[in-house]
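Here is a friendly walk through one structure, in questions and answers. Have the viewer open as you read.

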Amino acid sequence: MKLRTTAALAATIAAVATGAVAQEKPKLAFVVNAASDFWKLAEAGVKAAQAELPDYDLQFRYPAQGTAALQNALMDDLVAAGTDAIMISSVDPKTSIDAFNRIAGQVPLFTTDSDAPDSDRIAYLGSSNTAAGIQAGEIAVAVLPDGGKCMGFVGFLGADNAVERIAGFRQAVEGSGIELVDVRGDDVDFARARSNVDDVLAAQPDITCMVGFYSYNPPKIYEALQANGKLGEITVIGFDEDPVTLGAVREGSFAGTVVQDPYQWGYQGMHLMADFLEGDTSGVPDDGLIIVPTKVINRDNVDAFETELKARISG
């Protein structure tokens, strides 16, 4: 009996020890700004990194809604659950500085997609949104040699990625006769994103160009133009690689789209945080900016680009 008890105790101790080891696996979290198909590529990048980082637990998290309050609450929950480092796309960095600094005081905090440069984040990994906006403006200049009036559509008007893309677009079209008349925000409400386009079509017939600054905006522009019989009559410039957007570029309904590389944000971001936790800070530049280039997709390269996307998502 004593031998059996001793053996059982040893087995229990071994099981507890094994569980403890499993629980000690560092946790890294990638937090996005809202539920959108755009983030599927970033999630695929995180999954690819997980295969190369078996000693870490990598998590990909969406807030319940695309608000700064819920996003910040999610980070608090992650820290309370023992998460060791976080990378986040900020919904509204200007109103989240205190929350970000609170998190950064507890775990290493990195940003992606939309930066919070005034916070204590360690580094930003993502696109140069200003450069991406310039690329979109260059598309407009190339296809509208006689100028035109453009209307922009975006999710969060106050987010850094939106502000910088809009500023880049305006910079590129300056002096070309192209005017970005206004930009309508929708707070990542897809129904509102569509109604914003319908409203412009009804109230501003002088608009000859539309720019979708967030990934879901170009598809909503496509839907509205198609429903109103305006597809092909208004020049459209998109952002990102929604299948509807790529299809519209392929058929010639859209002039082009500027694509980012969220797959690399997820993949490189996880490796960056893991290295940082291990004491390797060589991946963090002095200016705290790690820029993943954007590129223009048009009818000439859309097929090759879409093939690459499918390969990445399928793993």
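**Burial, pairing and packing**

Q: Is Lys220 buried or exposed?
A: Buried means under 20% relative accessible area, exposed over 50%, and partly exposed in between, with a 1.4 Å probe and protein chains only as cover. Lys220 has 17% relative accessibility, so this lysine counts as buried.

Q: What kind of model is this, and how are its residues numbered?
A: This is a predicted model, where local features need pLDDT of at least 70, side-chain atom pairs count only at pLDDT 80 or more, and totals for chains, interfaces and linings use all residues. Side-chain values use heavy atoms, with hydrogens and water left out, and residues are numbered from 1 along each chain as its sequence is written.

Q: Which residues does Lys220 touch, not counting residues up to four places away in sequence?
A: Lys220 lies in helix H8 (residues 217–227). Helices (H or I, at least four residues) and strands (E, at least two) are DSSP runs, numbered from the N terminus. With contact meaning heavy atoms within 4.5 Å, Lys220 touches Phe190, Ala193, Arg194 and Val197.

Q: How many helices and strands does the chain have?
A: The C-alpha trace spans about 90 × 40 × 35 Å along its principal axes. Buried residues account for 50% of the 315 residues in the chain. The secondary structure comes to 11 helices and 12 strands.

Q: Which residues touch the most other members of the largest nonpolar core?
A: In soluble globular proteins, nonpolar side chains tend to be buried together. A nonpolar core here is a set of buried Ala, Val, Leu, Ile, Met, Phe, Trp, Tyr and Cys residues joined through side-chain atoms within 4.5 Å. Of the 28 residues in the largest one, those touching the most other members are Cys150, Phe169, Leu180, Phe213, Tyr214 and Ile237.

Q: Which elements give two or more residues to this core?
A: The helices are H5 (129–143) and H6 (160–173). The strands are S6 (148–154), S7 (178–185), S8 (209–212) and S9 (235–239).

Q: Which residues does Leu180 touch, not counting those up to four places away in sequence?
A: Leu180 is one of the core residues that touch the most other members. Leaving those sequence neighbours out, Leu180 touches Cys150, Met151, Gly152, Ile166, Phe169, Arg170 and Phe213.

Q: Which residue in S7 stands opposite Gly148?
A: In S6, 6 of the 7 residues are buried, so this strand is largely enclosed by the rest of the structure. Two strands pair if DSSP finds at least two bridges between them, and S6 and S7 pair in the parallel sense over 7 bridges. Opposite Gly148 stands Ile178.

Q: What is the relative accessibility of Gln59?
A: Gln59 touches Lys27, Leu28, Ala29, Phe30 and Leu78, not counting residues up to four places away in sequence. This glutamine counts as buried, because its relative accessibility is 18%.

Q: Where is Asp240 found, and what is its phi?
A: Asp240 is found in the loop between S9 and helix H9 (243–251). At 2% relative accessibility, Asp240 counts as buried. Although Asp240 is not a glycine, its phi is positive, at about 75°.
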